Amino acid sequence: MPYADSPTIILGADGFLGRNLVERWQAEGWPVHAIGRAAGDFCDYATVDRAFREAPRAGRIFHAITKQRTGQIQYAMQGELLRDNARIHLNVLDAWRAHQPQAKLVSLGSSCTYAESDHPTAEAEFGIGRPHPSVQGYALAKELLAIGCETFGRQYDMRWLHCVLATVYGPHAHSEDSRAHFMAAMIERAIRTQASGAMEFEVWGNPRTVRDLLHVHDQIDAILAADAAFTDCVLNVTPNAPVEIGDCARAILAALRWDARIVSPPGSFQGAGYKSLDSTLFLSKTGWRPKLSVEQGVAQILAARKLEKPHA
């Protein structure tokens, strides 16, 4: 593996994806240089410049820093999300060029960058059309990151890969309503509601809403497979297996052995009705497939929660 030969820099090392990436590197015994919040605010270029300058010479940089919110709150802060994320990404690109040009930059993107569609979207549609209004500023900053990787890579002869990911859940996921993606939020809400004795489970929006979904460990396996097989491109890195939100809710109820009725409160947050990626290019070249079904992933999370409970 190339990760054993030289250190990997992981940006955003105490965020959801970042923490799981660091844990994977540590479990494999690969050298890793983790950069998290203690390094300072990455909206400030001097902070980013110092972090890159003081880091060891790396073979890879995994860029997982992002300022992100979910649900209704996103509508009220699109300018802030655009401003801060654009600054973060441009600062990372400049520091990459200045201090780590030998490293391949693997940036982690979001499916919200694509315009709302009624079909799985392939890489040829990247940058075409407007994202859903709830994520417009955040999505534009992610598109800037992808185009920045391409243009910096071309001008300065540096290697890069921009991986567009599924919705991810699993260990270290945010559980707050304003930050949690739908699966993590539903799991937390189900655990709380079941404990209250209620027999109705609230699922926001429309249960027929469609998303791509991966357990974070499967998503990291997919990112590593993509990194081994691709360079200098925007790449969808998902399983070509879209799921309905209602099916995910039923998987959670089954794992909890909770015979509750699913209800959708009128007026609750509803994002894009259909959001799925066409990852045929990635899947056909790598042969990667996820190890965990939705049911297995939820069961794994609940088992871990039970082990943690005595120590709480």
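Which residue forms a salt bridge with lysine 67, and how far apart are the closest N and O atoms? I looked it up: the partner is glutamate 80, at 2.6 Å.

**Ground rules.** I am working on a predicted model, where local features need pLDDT of at least 70, side-chain atom pairs count only at pLDDT 80 or more, and totals for chains, interfaces and linings use all residues. Residues are numbered from 1 along each chain as its sequence is written, and side-chain values use heavy atoms, with hydrogens and water left out.

**Entry 1: salt bridges.** I took a salt bridge as a side-chain nitrogen of Lys or Arg within 4 Å of a carboxyl oxygen of Asp or Glu. My search of the whole structure returned 14 of them. Back to lysine 67 and glutamate 80: this pair links distant parts of the chain, 13 residues apart. Lysine 67 lies in the loop between strand E3 (60-63) and helix H3 (78-99), and glutamate 80 lies in H3. Helices (H or I, at least four residues) and strands (E, at least two) are DSSP runs, numbered from the N terminus.

I then checked accessibility. Buried means under 20% relative accessible area, exposed over 50%, and partly exposed in between (1.4 Å probe, protein chains only). Lysine 67 is partly exposed at 22%. Glutamate 80 is partly exposed too, at 30%.

Next I looked at arginine 83, which bridges to aspartate 84 at 2.8 Å between the closest N and O atoms. Arginine 83 is partly exposed at 41%. Aspartate 84 is buried at 7%.

**Entry 2: aspartate 227.** Its side chain meets that of lysine 104 in a salt bridge, 2.7 Å from N to O. Aspartate 227 sits in helix H6 (residues 216-229) and lysine 104 in strand E4 (residues 104-110), 123 residues apart. Both residues are buried.

**Entry 3: strand E4.** Why do I call E4 largely enclosed by the rest of the structure? Because 7 of its 7 residues are buried. I checked both faces: Lys104, Val106, Leu108 and Ser110 are buried on one side, and Leu105, Ser107 and Gly109 on the other.

Then I followed the pairing, where two strands pair if DSSP finds at least two bridges between them. E3 and E4 run parallel over 4 bridges. There, isoleucine 61 stands opposite leucine 105. E4 also pairs in the parallel sense with strand E5 (residues 160-165), over 6 bridges. Serine 107 has histidine 162 in E5 as its bridge partner.
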